[in-house]
Amino acid sequence: MRERITSVIIVLILPALLFAATTGKIAGTVTDAQSGENLPGVNVIVEGTTMGAATDLNGNYFILNVPPGTYTIKASLIGYTVVSKPEVRVAIDRTSTVDFNIQQTTIEGQEVTIVAERPKIRADVANSQQNFSSEDVAAIPSSPDVRDLIATSVGVGRDQYGFLNMRGGAIDEVGVYVDGFNNNDARLGWAQVNVPKSSIKEVQILKGGFNAEYGRVRSGLINMITKEGGSDYSFNIDTRMSPGAKKHFGSNIFSADNYWFVGRYLSLDPTGDRNGDGNVDFEGWKQVLADNGGEFKFNTPGIGEQTITSAEDALAVWKHQHPFFEYGDQPDTYLDGSFSGPVPFTDGKTTFSFSGYADQAYYFRPFVRDNSLDWKTGLKITHRLSSDMTVRLNANYNEIKGVSPGFIRNAPARNDMPDPRSWVSGHYIEQQQLASASMDRTSMYSFDSIYKKTNFYRSDFGLDFTHVLNNASFYEVKMQYDHTHSLASPGDLANLEQVVATVGDIQLNEMPNDFYGIPAPDMLGVHRLSEDNGRRDNSTYGTFQADIDYTNQFNYFNQIKMGAGLIVSNQDLMYGIDLWRNNPGLRFLRWVNREFTFYEAEFYIQDKIEFEGMVMNIGLRGDYFKTDEPLFTERFSKYYTKDLNYDSLYAAPSTEPGAKFELSPRLGIAHPISENSKLYFNYGYFYQRPEVYQISHNFQRKRRYSTALSNSDLLFRKTIAYELGYEQNIAGWLDVTLSGYYRDVTRNIANVGYRGNDPDYGRIAYSRPENSGYQDVKGVELVIDFPYNKYVKGFVNYNYMLASSGRYGYSTIYQDPNAQDQRVSANINEAKARPTLKTNIKFVYPEYSGSSMLGKIFSDASLTTLFRWNSGAWLTYHSENYPGLEENNIQWNSTYNLDLEISKGFRLLGTTYVRAYVQIQNALNSKFLHSENGLGWGGGGLNVLNRNVYLDMVAEEGVDPGTYEGNGRVEDYLDQAMYWNLFNAPRDIWFGLRISLD
């Protein structure tokens, strides 16, 4: 406890962790319209705010710390007309150039409004980035999950678990900031992007070339700014509903249509030979009784052995043990809203913004829960202490409830570790199919056999103090604390002794409902009806962060920014496999119960240099990491054996790991060639600490030797990134950006195995993470953006990426000097490119005020399309039909998807704006066969489809891999399994209503 208090005191005294930029800058020059001379002393203000500046002797001005949004900028000087420029857009970390050309006048107070000319290129941007405004967020027809919106950006995708990745980076390499506060989970590393859509003001996506102020990310950054309260009250709500329907192709999996797992057992007489192996698929219940002398004996856990004497009773018992579970009859619902305005009795100095969402989505088949529920509420209070000092308070609470396997097996350094990142969302079909793939066969009626109820409870608080010292400088102090409780546990315990039904003299309990620890098979031993694998998680962790940043516009051309920071995270981890069901005296088979703390410290300094012909960002940052988790110093210790490690693993020789420190240079250059084109280049080093499980994952075990030890002495993971790009504006309304990038990734984490033997205690065998992995990523991105047209808006983007990965050093090290350590050879995975194409096009009919009936009907109506195309996956398979040794010798069919939104807006009573919409996801009801293992494919036999057998079939028939119809043999083969798990999600229709009251 004393150490924790000391850590908090240190955090409060020292400047702390770096947060993301949340504001932009307005700058420009004011000239005399007649003489062309630059005018000093001109007052330039941002209307509706207290922000402004006066031009210097050269007629230049700048206004710092401007929140993102759209403003009217006004320039005034005695003896000159007042000029206003509305619709000036300010973006995060950008300079918006607004020049004025004003005329002398003899009429005092004369004012002229000039439409601000949109910049044809982003002259000060030296990296690939995309910005979504609140209007863009509402317009793109994505699911309620904000990650779908972000994944429309070029180079951004979602992995098999639904998590975001950028330019080939892993999920923890993407950073998320909300209002400048870090939103990544401190234990799991995942980027939390769950923000109410109605509260979003702007989303900025960066994919490399980050300034020195950004740390702890290596492949991508998401900056999200939420709305603040204003001088008037505002209310927004978005509600949508998708009627109940099956979320997979094919019939209900518990129906007789599922022939191989359900249907064939519903027959008193022998079935046919559907698979053509010369035997009936099921001999029938009459034959089962006959084979057992007319008496079929089976055991019911909790009741005991019972005897069935008729085929009809046997079939009735089978039906009770294998009930028909209805699903797809409940609607998905989403509610999102915000309410903001001034706090009463504060003279407008204090404003608030309250927002929240509730998202309930049903799974495409029953698990231990039928749906996922994600809800969040947040409050943002802004208090202006004076014209130059502002305090903001952010408070959020989030609950996520669903299911997860609790563990991901065979992942590097994550053997049998609870990994709530595999939490299953009701919106993401591939994730549900992965969850379901391991339950398709023996476990399809035992919902608790693998997947557990998983809950997250997260609260976070942020305090932001901004002090503007003068027109040229300000500083910002931020503090943040977040706390998370992760809980994974089984469902309700079954009462197996309670008789709920009878068939003749046969007593039946509630199985397969609920769960029981002892595996309980059905009467034929085909399916498990109840089982608990013991997986549990009950971990809590909290992180305190703070920072101080100072910005100084040293002169018109140089903006200096610097900061320093510290983070303290306390991790109280308790997870493992609980064997309560077998032996109370031998409770835990594998268990982690550790509390430890880690520290990160950072500093940076950067200069943004802006000249007419070049904009340059130059910076340097430092990263420090330290943990108090002990480092085991012996490769082969008796404490790693099964007889000692549970009670005394931490008695093994250890030391405190040393601190780690790295320096990262950053450089970004934007070179405007003309007002319509520019070149840009960026380069930088990016470091990231190891994940928590890699430095603290030490299983204490009973009955088995230790199989996984962590390594608290791991180095920072490292990426060196380069990017070169060209931006061109065509005809004033079309922006084209072409960029090429390269990422040199080293010090990635890979497992090394250790094998030994203690003469007294036996075998030693475990794996340990080391910095021995690498990756090379290179690619080209093309973005065509047309945001300026009144009737058609949108973008088209194309990504072509190549990635290779591997490792070096040793894969296995032996204690026996006579054994040969296994050195990793040239273990390079050369993946072939899978280009992607995404288009978002919105057709708009503006608000119409004329008398035409047709114009009134289509007034303020829109049609938005979102189209995605992915080149097919490359596979490696060698057989008689696919000869040779070439890797990645087979390519699957390409896939595509079209989402639509049709909407109509109208006003009520002048102050209320309503927009009704219909979203159609997978509007064409396109159906594609998965290529990946785990999504319905398996090793062989009738119960699991073998993908290699399928590939031989399509090769023999001369059709493309990915084909599922139009060929009898292929169709028959796919029909042998629960083929619904082999395909993408079918069409899904949402009905929604957005209401705004200002």
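**Entry 1: strand 53**

I began with strand 53 (residues 912-921), where 8 of the 10 residues are buried, so the strand is largely enclosed by the rest of the structure. By buried I understand under 20% relative accessible area, with a 1.4 Å probe and protein chains only. I took strands (E, at least two residues) and helices (H or I, at least four) as DSSP runs, numbered from the N terminus.

I note that this is a predicted model, in which local features need pLDDT of at least 70, side-chain atom pairs count only at pLDDT 80 or more, and totals for chains, interfaces and linings use all residues. Residues are numbered from 1 along each chain as its sequence is written, and side-chain values use heavy atoms, without hydrogens and water.

I then looked up the partners of strand 53, counting two strands as paired if DSSP finds at least two bridges between them. Strand 52 (residues 895-908) pairs with strand 53 in the antiparallel sense over 9 bridges, and Glu-901 stands opposite Gln-919. These two strands form a hairpin with 3 residues between them, and Leu-909 in the turn has a positive phi of about 55 degrees. Strand 56 (residues 988-997) also runs antiparallel to strand 53, joined to it by 10 bridges; there I found Ile-995 as the bridge partner of Val-914.

**Entry 2: helix 10**

I listed the buried residues of helix 10 (residues 947-957) as Arg-947, Tyr-950, Leu-951, Asp-952, Met-953 and Val-954. They pack against strands 50, 51, 54 and 55 and against helix 11 (968-974), contact being heavy atoms within 4.5 Å. At the start of helix 10, a side-chain oxygen of Asn-946 comes to within 2.8 Å of the backbone nitrogen of Asn-948. Just after the helix, Gly-958 takes a positive phi of about 75 degrees.

**Entry 3: sheet 10-15-16-13-14**

I traced an open sheet of 5 strands in the order 10-15-16-13-14, with mixed pairing. Its edge strands, strand 10 (129-133) and strand 14 (181-182), each pair on one side only. Within the sheet, strand 13 (residues 174-178) and strand 16 (residues 220-226) are parallel over 5 bridges; Leu-221 in strand 16 is the bridge partner of Gly-175.

Conventions
Buried means under 20% relative accessible area, exposed over 50%, partly exposed in between (1.4 Å probe, protein chains only). A polar contact is a pair of N or O atoms within 3.5 Å; within protein, one must be able to donate a hydrogen and the other to accept it, and residues adjacent in sequence count only if both atoms are side-chain atoms.
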